[in-house]
Amino acid sequence: MLHRTIKDSENVTVQATNSPEEELPKFRLPQGQSSASVAYQLTEDELMLDGNERQNLATFCGTWYEPEVIKIMSDAVGKNMIDKDEYRHTAELEERCVHMIANLWNSAQADSTMGTSTTGSSEAAMLGGLAMKWRWRSANESKVAKVPNLVTGPVQVCWHKFARYFDVEIREVPLRSGRYVSDPEEIVSQCDQSTIGVVNTLGTTFTGHYENIEELHRALDDLQEKTGIDVPIHVDAASGGFVAPFLDPGVRWDFRLRRVVSINSSGHKYGLAPLGVGWVIWRDESHLPEDLVFRVNYLGGEMPTFALNFSRPGGQVAAQYYNFIRLGFEGYQRVMSNLRNCAAFIGDEIRSIDRFEIVSDGRSGLPLVTWTSRKGEVDLYRLSNQLRSFGWQVPTYTLPSNLESTVVQRVVVRQGFTLELARQFVSDLQQALKYLDANPMAPTANSHRKGGFSH
Ligand SMILES: Cc1ncc(COP(=O)(O)O)c(C=O)c1O
């Protein structure tokens, strides 16, 4: 919320039910104190009115945790990730995670890899983008006056932010009907001497498809052979980074490909950690320019940092470590394969409804299902709204450039979602469709979302 004008009528008071004599202003700091129980109840009353997280099928982020994760978060509530000298063991857990992830992503340098935790994939992506921009600049001294460009497939909004905030032109190649990932040849046609790199996504936000990074790699090799232009790849594996290694080991998308210089992923998505942690790993030291790293001595020691934030919580990193040692490779594989089975079940059920057309069926790529309405027979915005009456939050949105007229609906399957919940969801979806058939003018409160969607 960047700006909101508070109307006089809104500036009322809130009351605690077990202490109705206590009234607090809504938008001004109260003059006096309240008891902890009253303040807690007032806060909880507001939170209770949010949608139920487990039924939020829009988000990629975790909404289910083992009690031990909650305990670790609570134990670490006072630990600041930046205080690496004071909390050396939290820093040590971060380092172990970096090496484990580098190894998972087939880094040949997993023992001496460069990487860091971040607040999420957005920050991780920006650090990856900055490193590519710095490297391009130092290799192209004579061209520093020019605005460099970044060529991408269908990217999440964080890359548009990166381009605008850090003065880089973004060249997002348009999609084509029936093709929901970028065409490597089209990507290559957009590359030139001022290209800092290409971003491809392992599991796009819009449909969950993996982009074909190996094919892109080959196309960039050809470009270099013909023109001498050498373009690196950053992989945005926000979701896929913790799915593909367990379910699709044969897909070559990571450091096995020479041009992949950096990869980001969200610990708080399929990494199964609580909200607030992402990761970025570089191929090796040479891909993280030294002058992006700040060394501070006022926290004790000489701490190197490459981050957009300074302070941030340490609990998420500790919880990430817990999940790594708790589940191991086989545990993650089991979780991910359950999720893919659930998604495939939903995909099959959606396919059997003849008014829908499947865009991604959950059997490959991310464990999610997207569909459109065949010939516009179902108003998907109305359907989203109707599903809310069962508690399900299911987004309806338009696809990115060139396919903006395609409206899709998406269900993201995450840890904690079971086959039983999937069956209930499908049954509620069928009820919602029946209701809409009988009430074609049912409200469409979600229509304000028609401009797009960025989860
Ligand atoms: C492909 C992709 N990149 C980046 C992001 C941003 O991730 P975060 O929410 O961790 O900042 C998302 C979020 O859904 C995403 O899907």
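**Entry 1: the loop between S14 and S15**

I began with Asn-402, which lies in the loop between S14 and S15. Strands here are DSSP runs of E, at least two residues long, and helices are runs of H or I, at least four residues long, both numbered from the N terminus. I noted that this is a predicted model, in which local features need pLDDT of at least 70 and side-chain atom pairs count only at pLDDT 80 or more, while totals for chains, interfaces and linings use all residues. Residues are numbered from 1 along each chain as its sequence is written, and side-chain values use heavy atoms, with hydrogens and water left out.

The phi of Asn-402 is near 85°, a positive value in a residue other than glycine. Most residues other than glycine have a negative phi. With a relative accessible area of 49%, Asn-402 is partly exposed. I used these classes: buried is under 20% relative accessible area, exposed is over 50%, and partly exposed is in between, with a 1.4 Å probe and protein chains only.

Leu-399 is placed in the loop between strand S14 (396-398) and strand S15 (407-412). Its relative accessible area is 2%, so Leu-399 counts as buried.

**Entry 2: another positive phi**

Leu-272 has a phi near 70°, also a positive value in a residue other than glycine. I found Leu-272 in the loop between strand S8 (260-266) and strand S9 (278-282). At 5% relative accessibility, Leu-272 is buried.

**Entry 3: the ligand**

Which residues are closest to the ligand? I listed Ser-121, Ser-122, Asp-236, His-268 and Lys-269 as the closest of the 14 residues that surround the ligand. A residue belongs to this set if one of its heavy atoms lies within 4 Å of the molecule. By type, the shell has three nonpolar, nine polar and two charged residues. In this sorting Ala, Val, Leu, Ile, Met, Phe, Trp, Tyr, Cys and Pro are nonpolar, Asp, Glu, Lys and Arg are charged, and the others, Gly among them, are polar.

I then checked atom pairs. A polar side-chain atom of Asp-236 is 2.6 Å from a nitrogen atom of the ligand. Ser-266 has a polar side-chain atom 2.9 Å from an oxygen atom of the ligand. For Thr-205, a side-chain N or O atom is 3.1 Å from an oxygen atom of the ligand. On its own the ligand has 390 Å² of accessible area, and the protein covers 90% of that. Areas come from the Shrake-Rupley method with a 1.4 Å probe; for residues, only the protein chains shown count as cover.

H1 has 13 residues and should span 18 Å at 1.5 Å a residue; its end C-alpha atoms are 18 Å apart, which agrees. The expected span is 1.5 Å times one less than the number of residues. I found Val-38, Gln-41 and Leu-42 buried in H1. Seen down the axis, the buried residues of H1 fall within an arc of 100°, so they line one face of the helix. The arc is taken over the directions from the helix axis to the C-beta atoms. Ala-36 and Tyr-40 are exposed, on the face of H1 turned away from its buried side.

Glu-66 sits in the loop between helix H1 (36-48) and helix H2 (67-75). Is Glu-66 buried or exposed? At 16% relative accessibility, Glu-66 counts as buried. Its side chain makes a polar contact of 2.6 Å with the side chain of Tyr-322. A polar contact is a pair of N or O atoms within 3.5 Å; within protein, one must be able to donate a hydrogen and the other to accept it, and residues adjacent in sequence count only if both atoms are side-chain atoms.

**Entry 4: helix H7**

Ile-213, Leu-216, His-217, Ala-219, Leu-220 and Leu-223 are buried in H7. They cover an arc of only 165° around the axis, so they are on the same side of H7. I found Glu-225 and Lys-226 exposed on the other side of H7.

**Entry 5: two strand residues**

Ser-373 is in strand S13 (residues 368-373). Its relative accessible area of 14% makes Ser-373 buried. The side chain of Ser-373 reaches the backbone nitrogen of Glu-377 at 2.9 Å.

Thr-305 is in strand S11 (residues 303-305), and is buried, with a relative accessible area of 16%. The C-alpha atoms of Thr-305 and Ile-82 are separated by 8.3 Å, though the two are 223 residues apart along the chain.
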